[in-house]
Amino acid sequence: MNADVSAAAPLVGVVMGSSSDWEVMQHAVAMLKEFGVPHEASVVSAHRMPDQMFAYAEAARGRGLRAIIAGAGGAAHLPGMIAAKTIVPVLGVPVPSKYLRGEDSLLSIVQMPKGVPVATFAIGEAGAANAALTAIAILAAGDEALATKLLAFRERQTQAALDMTLPA
Ligand code: RP5
């Protein structure tokens, strides 16, 4: 397990099935960094290291994680299997795959049977960034300073859209 741990005790865990997922999943980590949210990032492969995956999920709540962002591609069972072993909210990111462009990843993650939810996001970079923003929103419910940062982020986006111009 290859972990990149930020200074404080992590509140959000970012896991992915392979180092090849980093190109997409780095956008979740970048967003958490931008908001100063303590986090960790590691490779946890569902089919290549299932024992470590279960250990990660089982320990998550006790270690203080408040959300887990899980990205995987292809037969993307990582988010669902982590969700099966913890009540910490799991935010699933479908990583684009070689042959089916991530549609396989999306359907694998989104179609969880009733009872064990995985909140599923868009395929790729937008999904990774939005999963982080959702983790931030979950934490902001009990953290006014973080809520203020999130509101300011939204206001900057609004202003950027208001400032947009089109060619004459
Ligand atoms: C999945 O298989 C990973 O999440 C990755 O998206 C995909 C390919 O993995 P590698 O062959 O690049 O390690 O488990």
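Predicted model: local features only at pLDDT ≥ 70, side-chain atom pairs only at ≥ 80, totals over all residues.

The buried residues of helix α4 are covered by elements that include β4 (67-73), α3 (78-84), β5 (90-95) and β6 (119-120). Helix α4 itself comprises residues 103-110, and its buried residues are Ser 105, Leu 106, Ser 108 and Ile 109. These residues lie on the same side of α4, because they cover an arc of only 165° around the axis.

An α-helix has 3.6 residues a turn, so residues three or four places apart point the same way.

How many buried residues does α6 contain among its 19 residues? The count is zero, and α6 is hardly covered. This helix takes in residues 144-162, and its end C-alpha atoms are 27 Å apart. That agrees with expectation, because 19 residues at 1.5 Å a residue should span 27 Å.

The largest nonpolar core has 48 residues, of which Ala 28, Ile 69, Leu 78, Val 93 and Ala 132 touch the most other members. Two or more residues of this core come from each of β2, α1, α2, β4, α3, β5, α4 and α5 (125-140). Which element gives the most to this core? It is α5, with eight residues. As a general remark, nonpolar side chains in soluble globular proteins tend to be buried together.

Leaving out residues up to four places away in sequence, Val 93 touches Val 24, Met 25, Ala 28, Ile 69, Ala 70, Gly 71, Phe 121, Gly 127, Ala 128 and Ala 131.

Next, the annotated positions. An unreviewed UniProt entry carries the annotation "binding site" for Ser 18, Asp 21 and Arg 48. Where are two of these residues placed? Ser 18 is in the loop between β2 (12-16) and α1 (22-34), while Arg 48 is in the loop between β3 (39-43) and α2 (50-60). Ser 18 counts as partly exposed because it has 17 C-beta neighbours inside 10 Å. Arg 48 has 11 such neighbours inside 10 Å and therefore counts as exposed. Beyond its neighbours within four places in sequence, Ser 18 is in contact with Val 43 and Ser 45.

Finally, let us consider the chain as a whole. The protein chain has six helices and six strands, and from the N terminus on its elements run β-β-α-β-α-β-α-β-α-β-α-α. The radius of gyration is 16 Å, close to the 15 Å that the globule rule gives for 168 residues, so the chain is as compact as a globular protein of that length. Along its principal axes, the C-alpha trace spans about 55 × 40 × 30 Å. Of the 168 residues, 40% are buried. Among contacts between residues at least 6 apart in sequence, 70% join residues at least 24 apart.

Thank you for your attention.

Note on methods. Residues numbered from 1 in each chain as written. UniProt positions renumbered as here; feature names shortened; annotations may be inferred. Helix = DSSP H or I, 4+ residues; strand = E, 2+ residues; numbered from the N terminus. Buried ≥ 20, exposed ≤ 12 C-beta atoms within 10 Å, placed from the backbone. Contact = placed C-beta atoms within 7 Å. Arc of directions from axis to C-beta. Core = buried A, V, L, I, M, F, W, Y, C linked by C-beta atoms within 7 Å. Rg over C-alpha atoms; globule rule 2.2 N^0.38 Å. Expected span 1.5 Å × (residues − 1).
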